[in-house]
Amino acid sequence: ALAQRRPESLAAVAERVLPSVVTVRVSSLGGTSEGSGFIASADGHVITNDHVVAGGTGRASVIFNDGTSSPAKLVGQDPESDIAVMKVERSGLRPVEFGDSDALAVGDPVLAIGSPLSLTNTVTAGIVSALDRTMQAGEPGGPVRYYAAIQTDAAVNHGNSGGPLVDAAGRVIGVNSTIKSLVSEGQEAGNIGLAFAIPINQAKRVTQDIIGTGKARRTVIGAQVGGPNAAVPGGGVRLESVEPSGPAQAAGLKAGDVILRLNGRPMTVPSDLIALVRKFAPGSVVTVEYRRGSTRQNASVTLAADAK
C-alpha cells in the first residue's frame, strides 16, 4: 500500500511547493548562467537573485517543474540587495505562499528547493541555524551586497541561488543566496552546511519596489561607518560622520558615538550596522544603544529611504 503522508509532512510540503519553483537560465557573453527562482504572482512575476541574471545579454527563460519552459523578461534588479524580478507570460501559474521571516526561530525546520548543479526539482531539508547573520558579499569590482541573513544547514549548492527557503507549512521565508566555503578563491565551492538566505520580508519589499517603480529603495540610518577607528575594542562600531537632517541626527546621534546594539543585536564590525539597517523598511523605528564618552544611552531612530 502507498504510504499515507500527512499534509504537514515534509514530503507533502515539497509536493505543494515544487510547482511554484523554476529554473532560471540567462544567456551571457560567457555562455549560459543558471539558477533558481519562484513564482511570486499569478500574473507571472518570478523572484530570483540579481547575481543569477547579472551580465545577461537579454535572452532568458524559466523551466517549470514539469519540464516545460517559457521566455522570461527582466522587469528589474537591485544589485545591492541581490534581488531581481522576471516576468513570464503564461496562464495557470501557481504562486508561492509567503511567510513571515520576522517570526522565525532558531531550530525551525526548513526546506531549500531549486536546481543545484543543474539538478532540477531538488529538495533538501535542514533547520534555521542562526538569524540576522550579517553578510557582506559580492564579486571583485562589482556591487557590495549587505543583508542580515537567515542561516541554515540545508544543503545548498551553486544553482540553488534565487530559489525559495520554505518553512514547515510550505511558506517562503527566504531567498537562498550564498554559501560559506572552505575552498580557495576561484575554486568551485560546495555545501558544508552553512547556507544563507535573504529574509523574505526584505525580498518581498524590494520586489514590490521593483515592480512598482523599476528600482528599489535602500534603507539608511543617515550616518557613515568605516575608516581606521570604526571597530571598537570590546564591541561596537564608531560613527565616522552623521548626515545633516538625517535619521541619526534627528535622534540625537553624533559623529564619534559608538553604536553598541540595534534592536538588541550587538554590533561588532561596520557591516553589521549596514546589513541590519537594510533589513528594515523605510519608516521603521529602531532602538539604538550607543556610548558617548563613558555614558551609555538609547535612541529611537526612524529609518529612511536613501535619496538615490
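Colleague: What should I keep in mind about the numbering and the model?

Modeller: Residues are numbered from 1 along each chain as its sequence is written, and since the model is predicted, local features need pLDDT of at least 70, side-chain atom pairs count only at pLDDT 80 or more, and totals for chains, interfaces and linings use all residues. Side-chain values use heavy atoms, with hydrogens and water left out.

Colleague: Which strands does S3 pair with?

Modeller: S3 is joined to strand S2 (residues 31-39) by two bridges in an antiparallel arrangement, and S3 also pairs with strand S6 (residues 83-88), again antiparallel, over four bridges; two strands count as paired if DSSP finds at least two bridges between them. Isoleucine 39 stands opposite valine 46, while isoleucine 47 has valine 85 in S6 as its bridge partner.

Colleague: And what does glycine 44 do in the hairpin?

Modeller: Glycine 44 takes a positive phi near 105° in the hairpin of S2 and S3, which has five residues between the strands. Another hairpin is formed by S19 and S20, with two residues between them, and there glycine 293 in the turn has a positive phi of about 70°. Strand S19 (residues 285-292) and strand S20 (residues 295-302) run antiparallel and are joined by eight bridges, with threonine 287 partnered by serine 300.

Colleague: Which residue other than glycine has a positive phi near 65°?

Modeller: That is aspartate 82, with phi near 65°; aspartate 82 sits in the loop between strand S5 (69-78) and S6, and is buried, with a relative accessible area of 2%. Aspartate 132, also not a glycine, has a positive phi of about 55°, and its place is in strand S9 (residues 122-137). Most residues other than glycine have a negative phi, and most peptide bonds are trans.

Colleague: Changing topic, how many cavities of 30 Å³ or more are there?

Modeller: There are two cavities of 30 Å³ or more. On a 1 Å grid over the protein atoms alone, a cavity is a set of points where a 1.4 Å probe fits but cannot get out, whereas a pocket is an open set with protein on both sides within 12 Å along at least five of seven lines, and lining residues have an atom within 4 Å of a point. Points are joined across faces, edges and corners, and a volume is the space filled by probe spheres set on them. The largest cavity has a volume of about 120 Å³, and of the 13 residues that line it, Asp78, Ser81, Arg217, Arg218 and Arg278 lie nearest its centre.

Colleague: What about the second largest pocket?

Modeller: The second largest pocket has a volume of about 340 Å³, and among its 17 lining residues the closest to its centre are Val220, Ile221, Ala223, Gln224 and Arg278. Helix H5 (270-279) is one of the elements that each supply at least two lining residues, and H5 gives the most, with four.

Definitions and conventions. Buried means under 20% relative accessible area, exposed over 50%, partly exposed in between (1.4 Å probe, protein chains only).
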